[in-house]
Amino acid sequence: MKIAMIGTGYVGLVSGVCFSDFGHDVICVDKDPGKIDRLRAGEVPIFEPGLQDLMAKNVAAGRLSFTLDLAEAVAGADAVFIAVGTPTRRGDGHADLTYVMAAAAEIGAALTGYAVVVTKSTVPVGTNRKVAEAVAAANPAATFDVASNPEFLREGAAIDDFMRPDRVVVGVESDRAKKVMSDIYRPLFLREFPIVFTGLESAEMIKYAANAFLATKITFINEIAALCERVGADIKAVSKGIGLDGRIGNKFLHAGPGYGGSCFPKDTKALARIGQDHAVPMQITETVIRVNEEVKARMVEKIVDLCGGTVNGKTVAILGVTFKPNTDDMRDAPSLTIVPALVGNGARVRVTDPEGQREGEALLPGVTWCENAYQASQGADIVVILTEWNEFRALDLAKLAGKMATPRMADLRNIYNRDDVAAAGFTAYAGVGR
């Protein structure tokens, strides 16, 4: 199959590379000349484990290429995927479809024969029908179908998620489009991974419902964690106890500083707005959004309390600022709320993150970047574990404590055990829900 992938952001690049590894001929398109130059030079503009090697392999095999010319990529394609950004629109929570609709119009003008125009971007219910209208308006003679194929990739594990998915969701309305999409995903059919075919609206809704449900699990366990702290329970034991129930499951039950990233914040806001627009308020989702912000504020209070009621003039070492480990993504990371609050309260903040500095330097003004946890903690009054990178899971705690002015730890990912931290020389420790 010949595939055009419009957009080389996180979703587009990962999807394009993986489709080429399936054996398809894939051309990835972007309007940014600098990004295309980097990709042609073999440089991956995002951090995702394994992506650079897989990209190089398929470029070398002649199955993967990159271009600025959308018309060149679309000509003769069996399927054209739209994988452009849908950021939250300022002021109203709606997903901004500007880039999606612009891509649809360009695709329509470039079509040379039948193709399936596939929306990979996360879009509100009803968008694929608008995409079809935009394609037809740009080229009334075009023969095409539209399909909805939402992505369910976890940053840091995206390649494995694509190659071994829990499910693939495809919204189509014609047998011809279904056949094309079946051929594209044939390697997964052969390995008996679930492929769920639905209508367009159902596929669009599945994406939002799935992310809202996962965000709800995270927020629920964070609320329970706050109660655990008051009543003397241990959230780790509670999470294990409820997670062993097959109806609940153990994933997304890890207490911490709140969810962030490219999907959950944006998609919960969009779902809440869709509900408002259709007079069906998404009250649970709206509450999840509010409580998640309160969780971040509670983390700031925890750090301040551990410092004796004020961080003014104190040195705070922050370990990890990306929203999760194994990514350089800073979008809606808890650090973007917590770190500025500490700086605003007079703290001297030092930061270290294996991959976060490139984006973080612009997003976190007023902090000092350090090479590692030990450098960040030199003379510090408190160390805060904010992102659970592997290198922060195996710290020499005695060495860390020895470098600090006052060895205190706010373990916001519950990596360490209180007794081990105390034995290493720390005088104060606080986890989440413990």
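UniProt positions are given in the numbering used here, with feature names shortened, and such annotations may be inferred rather than shown by experiment. The structure is a predicted model, in which local features need pLDDT of at least 70, side-chain atom pairs count only at pLDDT 80 or more, and totals for chains, interfaces and linings use all residues. Residues are numbered from 1 along each chain as its sequence is written, and side-chain values use heavy atoms, with hydrogens and water left out.

**The annotated site.** An unreviewed UniProt entry places the feature "active site" at C263. This residue, C263, is in the loop between α11 (235-243) and α12 (264-277), where helices (H or I, at least four residues) and strands (E, at least two) are DSSP runs numbered from the N terminus. C263 counts as buried because its relative accessibility is 18%; buried means under 20% relative accessible area, exposed over 50%, and partly exposed in between (1.4 Å probe, protein chains only). When neighbours within four places in sequence are left aside, C263 is in contact with E151, K207, N211 and T268, contact meaning heavy atoms within 4.5 Å.

**Domains.** The protein is divided into two domains, with bounds that come from an automatic or database domain assignment.

The C-alpha centres of domain 1 and domain 2 lie 32 Å apart.

**Helix α6.** Residues T127, N128, V131, A132, A134 and V135 of α6 are buried. They lie on the same side of α6, because they cover an arc of only 165 degrees around the axis, the arc being that of the directions from the helix axis to the C-beta atoms. On the other side of α6, E133 and A137 are exposed. What covers the buried residues of α6 includes β4 (79-82), α5 (98-110), β5 (115-119), β6 (144-148) and α10 (200-231).

**Nonpolar cores.** A nonpolar core is a set of buried Ala, Val, Leu, Ile, Met, Phe, Trp, Tyr and Cys residues joined through side-chain atoms within 4.5 Å. The largest one holds 43 residues, of which F19, F81, M181, I184 and Y185 touch the most other members. Helix α1 (residues 10-21) gives the largest share of this core, seven residues. Not counting residues up to four places away in sequence, I184 touches M1, I3, F19, F22, H24, A79 and F81.
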